[in-house]
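Please read the following notes alongside the sequence and the model. They are set out as numbered points, beginning with a question.

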Amino acid sequence: MPRLPMVTVTTFWISFSITLTLLGATVCTGFLRRRKLHLALALATVAFLTVTVLLTEALLRAVDFPKREMGIHLVFAKTAALLVLPVAGTGILTWKRAKWRRVH
């Protein structure tokens, strides 16, 4: 197995941690109806999620992960990524019409 630069692993974990923190803050501000902060945090979360995915791809190129475990992980990772679309869409609709808030 090739040696992976520590900065890549460290950068991945930092990015992953920031993404989860931003996601938690996004959910909290949504429940508190702090719209402007919620929107800013949602955009930052998606940006950091993108960075985290790119760093993950770099790790996948450098390390040979077990195929079975990766297959299971990818099902959940792809599902989570796809769910961003309806959440964002209903969020935009909520901005215009409050009746979408429950769906969002």
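Is F31 buried or exposed?

1. F31 counts as exposed, because its relative accessibility is 72%. The cut-offs are under 20% relative accessible area for buried, over 50% for exposed, and partly exposed in between, with a 1.4 Å probe and protein chains only. F31 is placed in helix 1.

2. Some ground rules apply. This is a predicted model, in which local features need pLDDT of at least 70 and side-chain atom pairs count only at pLDDT 80 or more, while totals for chains, interfaces and linings use all residues. Residues are numbered from 1 along each chain as its sequence is written, and side-chain values use heavy atoms, with hydrogens and water left out.

3. Overall fold. The chain has three helices and zero strands, in the order α-α-α from the N terminus. Its radius of gyration is 16 Å, well over the 13 Å that the globule rule gives for 104 residues, so the chain is more spread out than a compact globule. That radius is taken over C-alpha atoms, and the rule is 2.2 Å times the number of residues to the power 0.38. The C-alpha trace spans about 55 × 25 × 15 Å along its principal axes. Helices (H or I, at least four residues) and strands (E, at least two) are DSSP runs, numbered from the N terminus.

4. Burial and surface. Of the 104 residues, 17% count as buried. The chain exposes about 8,100 Å², and carbon and sulfur atoms supply 73% of this area. Accessible areas come from the Shrake-Rupley method with a 1.4 Å probe; for residues, only the protein chains shown count as cover.

5. S15, in helix 1 (residues 6–31), is buried at a relative accessible area of 4%. Beyond its neighbours within four places in sequence, S15 is in contact (heavy atoms within 4.5 Å) with F48, V51, T52 and L55. T45 sits in helix 2 (residues 35–62) and is buried at 9% relative accessibility. With the neighbours within four places in sequence again left aside, T45 is in contact with T19, L22, L23 and T26. L23 belongs to helix 1 and is partly exposed, with a relative accessible area of 43%. The C-alpha atoms of L23 and L49 are 9.4 Å apart, although 26 residues separate them along the chain.

6. Aromatic pairs. The whole structure holds three aromatic pairs. In one of them, the ring centres of F12 and W13 are 5.0 Å apart and the planes are at 70 degrees, so this pair is edge-to-face. The rings of W13 and F16 are also edge-to-face, because their centres are 5.6 Å apart and their planes at 90 degrees. Rings of Phe, Tyr and Trp (its six-membered ring) pair if their centres lie within 6.5 Å; planes under 30 degrees apart count as stacked, over 60 as edge-to-face and the rest as tilted. Ring pairs link F12, W13 and F16 into a cluster. F12 is buried at 12% relative accessibility, whereas W13 is partly exposed at 49% and F16 is partly exposed at 32%.

7. Which residues form the nonpolar patch on the surface? W13, F16, L20, L23, V27 and F31 do, with about 640 Å² of accessible area together. Patches are made of residues with over 30% relative accessible area and no salt bridge; like charges are joined within 9 Å and nonpolar side chains (Val, Leu, Ile, Met, Phe, Trp, Tyr) within 5 Å. A salt bridge is a side-chain nitrogen of Lys or Arg within 4 Å of a carboxyl oxygen of Asp or Glu.
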